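Hi,

Here is the structure I promised to send over. Have a look, and then read on for what I found in it.

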Amino acid sequence: MHIPRTGEAGRYAWIGMFISEVLFGLFWIISQFARWNVVYRYTFKDRLSQRYEDKLPAIDIFVCTADPILEPPSMAINTVLSVMAYNYPPEKLSVYLSDDGGSELTFYALLEASKFSKYWIPFCKKFAVEPRSPEAYFALNIDLNDSVFAQEWFSTKKLYEDMKTRIVSAVEKGCLSNEIKGQHKGFSEWNSKVTKKDHQSIVQILIEGWNPNAVDIDGNPLPTLVYLSREKKPQCAHNFKAGAMNALIRVSSEISDAPIILNVDCDMYLNDPDAIRDALCFFMDEKKGQQISYVQYPQNYENITKNDIYSNAGLPILKIELAGFDGYDAMQYIGTGCFHRRESLCGSKYFENHIVEWNDTKDKIKGRTIDEVEEASKLVANCSYEKGTQWGKEMGLLYGCAVEDMVTGLTILCRGWKSIYYNPTKKAFWGVAPTTLDQALVQHKRWSEGLFQIFLSKYCPLIYGHGKIKFGAQIGYCLYLLWAPISLPTLYYVVIPALCLLHSVPLFPKVFGLWFLPFAYVFVAKSAYSLIEDLSSGNTLKGWWNFQRMWVIRRTTSYFFAFVDTIIMQLGFSETGFVVTDKVVSDDVLKRYEQEIMEFGNSSIMFTIISTLAMLNLFSLSWGIKKLVFGTTFGALENLIPQIIICGLIAMVNLPVYEALFFRRDKGCMPSSVLFKSIVIASMAVLMPIY
């Protein structure tokens, strides 16, 4: 209702604030579309086992890793061992490890895991072990009063620790001895010419699940286990994880060709050994199962601190927003912890009265030797195989986007399929969350950049999904696709009120005026709404406050850089990249994380921005308080009170930043160079005129 006149101080700053408020309002409305249609799912896996035990389909499980340094082989094999130990007929399980790093160290670790699985799987099933990752299980305090159990526990643990020691030792050395290389013919694939970015296709079947001699120590059959490293050539685009997944789909079709595919990241181990049966309840439902393309489990993390210092868990998202998408039958595919129907993943469209014979599996191996199977599999993993085909376009995961999983899921839904979001009380999988602020921000930068690319592409759900998925789902998708551009009004709101306060330029109505009530209502109502959502989702009060901090930090750094990089890419000045999140941290970093002390420790440009914004608002808050206490009358400053409050709130969420800048002396504090740059930049900003 009020616009400063031409020539009046703060006219353009006010208009910018008004635009920011409108954008915030639109973004909030978009967020409600994901909350208005919440559905909670339940299954009856016991009934499934009774009625369909003979008809249970074969399952192919894909585990993806990309770098033996950032994603240690010992971590990857724990995931592999956990999924090999599902409560499911082992002859119907095939596990594939995709090693996009092409490392003989990862292959060696998998070879060791194949031997240990003969002891681990029967141990798990005999004593109903949970979780089924050896590393996670042996870290628990286990009751060893039963002498029989204790004896097997100690012997199995020793086998695991010996195996882990051998693997870690090999990784630290960076090479393998000739004695180790003589253990399996697969090591002959690596020679002096093989590099991470230039090597031939490598396919090695370590356990032949169809072979009657492939049994554990109790004589029970073992799941099939396959190592894959697709061909890499410098002149060929490898399309990151999407390319690895598509190679897995083709290679598995040559070996096991199961109708259901589960894919997990290498850091996401199995927690619920019955998760397969849960997922199959949806696929095998007589009324609606034939239309289900995929069943998506949430991404849960085992290493979340009590108050979730980096807001990694996202409890309201998992329990409210994603359940809302499920109400539209349009849950996103998030790239891990997802059970797929193979035919839908390979480009098939859904049609009415679609019928699947789950137990109608093709014997892909019959009449072929193991060498013939491996050679046939290598051909479909070659760089040249996809040329002139629809792979990456209409088949498999789509190429050209940093968040290939979400755009793939959207494309599948637009072909007539439906998806399920299932978030059981007992978590199906546990992953590893970033333990440093830098890791968390880099991860969100990659996500938000890829999501914004989708919005600007032909796959924008408002256009591509029109008439194919429900309107609420189209709008709900935009809640995530617009993470990057929402950084602009947030950055504006963090900077401009502080600068205007320093120049005594008011941007809000007087505190005791009638027009201040709408602003007060919006602030109080939105904060209460957010707090209630968090607490009802299982978060703590301090956890909610940490989320407010990360909300500001992500939007002013990760999302802003994602916006800038996406625009640059759209203009043709750069190409899509992919960053693997480092899963390895030192003991002192881990200790600070467990103590919920924010980790900085380097001169990242993101940390410079965080520090500069914190210093700017501290300057403005100090000036505002000084004026209130020692300056002019309260009446003269009444219309500046809202800006003082805003600066005060921003300063409060930045208390860990001030602590890292001025008081901490550990390795996780802010470097002095960041402090110097932030003070200089903030001081220069103070001198800027306000129009």
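Below are my notes, starting with the whole chain and ending with the annotated sites.

Keep in mind that this is a predicted model: local features need pLDDT of at least 70, side-chain atom pairs count only at pLDDT 80 or more, and totals for chains, interfaces and linings use all residues. Residues are numbered from 1 along each chain as its sequence is written, and side-chain values use heavy atoms, with hydrogens and water left out.

The protein chain has 26 helices and ten strands (DSSP runs numbered from the N terminus: H or I of at least four residues for helices, E of at least two for strands). Of its 691 residues, 57% count as buried, meaning under 20% relative accessible area with a 1.4 Å probe, protein chains only. The C-alpha atoms fill a box of roughly 90 × 60 × 55 Å along the principal axes.

Now the sites: UniProt, in an unreviewed entry, puts "active site" at Asp100 and Asp405 (its positions follow the numbering used here, feature names are shortened, and annotations may be inferred rather than shown by experiment).

Asp100 sits in the loop between strand 2 (93-99) and helix 4 (104-127). It counts as buried because its relative accessibility is 9%. The side chains of Asp100 and Arg230 are joined by a polar contact of 2.8 Å (a pair of N or O atoms within 3.5 Å; within protein, one must be able to donate a hydrogen and the other to accept it, and residues adjacent in sequence count only if both atoms are side-chain atoms).

Asp405 belongs to helix 13 (residues 404-413) and is buried too, at 11% relative accessible area.

Cheers

How values were computed: Buried < 20%, exposed > 50% of the residue type's maximum accessible area, 1.4 Å probe, protein only.
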